Amino acid sequence: MNGRGTEPAARLCFAEMIFDAELLWAARPRGRRVRFTRSERAVLAALIRNAHRIMTRNQLLDAISGVGSDAAERSIDFLINRLRGKLGDDARRPRFIATQYGEGYVWIAEPRKEKADRRPPKAKTGANGAA
């Protein structure tokens, strides 16, 4: 929600998943939510912002820890695997994150519009048409 609590926040939709605008969580089709850690959110944000572009491990490390961090590149592989598990993504048949061997990772999911199926139910009418 926005600061006034009157409008829903923008959401990001990829495949069947609906992501909170701040990437705190994503909802699966039947409403089951998965939550993301701070590091997972940073990697997701970097990948989504640079969709269809190869992000090297070093670039993703910089997104997590800041430029010049001494964190190991392999920690990115660990985070990507965790994200794939949460998203139900298969490395061999990716829908969200593809591996570019020897280079890095790419966000490949195309954005989609959220279905407008969250409308209030229609009022029932009686025989004379009155509600």
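Modeller: A definition before anything else: helices here are DSSP runs of H or I with at least four residues, strands are DSSP runs of E with at least two, and both are numbered from the N terminus. The model you are looking at is predicted.

Biologist: How many helices and strands does the chain have, and in what order do the elements run?

Modeller: There are three helices and six strands. Starting at the N terminus, the order is β-β-β-β-α-α-α-β-β.

Biologist: Which elements have the lowest and the highest mean pLDDT?

Modeller: The lowest mean, 89, belongs to strand S1 (residues 11-14), and the highest, 97, to strand S6 (residues 104-107).

Biologist: Now the sheet. In what order do its four strands lie?

Modeller: In general, strands of a sheet pair through backbone hydrogen bonds, either parallel or antiparallel. In this case the four strands form an open sheet in the order S1-S2-S3-S4, and the pairing is antiparallel. S1 and strand S4 (33-35) are the edge strands, each pairing on one side only. From one strand to the next, the twist averages 25 degrees.

Biologist: How many bridges join S1 to S2, and which residue stands opposite Leu 12?

Modeller: Strand S2 (residues 17-20) runs antiparallel to S1, and four bridges join the two. Opposite Leu 12 is Phe 19 in S2. Keep Phe 19 in mind for the aromatic pairs.

Biologist: And how do S5 and S6 pair?

Modeller: Strand S5 (residues 97-100) pairs with S6 in the antiparallel sense, over four bridges. The two form a hairpin with three residues between them, and Gly 102 in the turn has a positive phi of about 80 degrees. Within the pair, Ile 97 stands opposite Trp 107 in S6.

Biologist: How many aromatic pairs are found in the whole structure?

Modeller: A pair of aromatic rings is described by the distance of the centres and the angle of the planes. The search finds five such pairs. One of them joins Phe 19 and Phe 36: the centres are 6.2 Å apart and the planes are at 10 degrees, so the pair is stacked. Phe 19 is in strand S2 and Phe 36 is in the loop between S4 and helix H1 (38-49), so the pair ties together parts 17 residues apart in sequence.

Biologist: Are Phe 19 and Phe 36 buried or exposed?

Modeller: The cut-off for buried is under 20% relative accessible area. Phe 19 is at 0%, so Phe 19 counts as buried. Phe 36 is at 6%, so Phe 36 counts as buried.

Biologist: Why is the pair of Phe 96 and Trp 107 called tilted?

Modeller: Planes under 30 degrees apart count as stacked, over 60 as edge-to-face, and the rest as tilted. The planes of Phe 96 and Trp 107 are at 45 degrees, with the centres 5.7 Å apart, so this pair is tilted. Phe 96 lies in the loop between helix H3 (74-87) and S5, and Trp 107 in strand S6, so the pair ties together parts that are 11 residues apart in sequence. Both Phe 96 and Trp 107 are buried. A single aromatic cluster is formed by Phe 14, Phe 19, Phe 36, Phe 96 and Trp 107.

Biologist: What follows S6? Where does Pro 111 lie, and is Pro 111 buried or exposed?

Modeller: Pro 111 lies in the segment after S6. Its relative accessible area is 59%, so Pro 111 is exposed. Beyond its neighbours within four places in sequence, Pro 111 is in contact with Cys 13 and Phe 14. Pro 111 and Leu 12 are 99 residues apart along the chain, but their C-alpha atoms are separated by 7.2 Å.

Conventions. Residues numbered from 1 in each chain as written. Predicted model: local features only at pLDDT ≥ 70, side-chain atom pairs only at ≥ 80, totals over all residues. Heavy atoms only, no water. pLDDT = per-residue confidence, 0-100. Pairing = 2+ DSSP bridges. Axes fitted to C-alpha atoms, helices over the stretch in contact; angles between N-to-C directions. Phe/Tyr/Trp six-rings, centres within 6.5 Å; stacked < 30°, edge-to-face > 60°. Buried < 20%, exposed > 50% of the residue type's maximum accessible area, 1.4 Å probe, protein only. Contact = heavy atoms within 4.5 Å.
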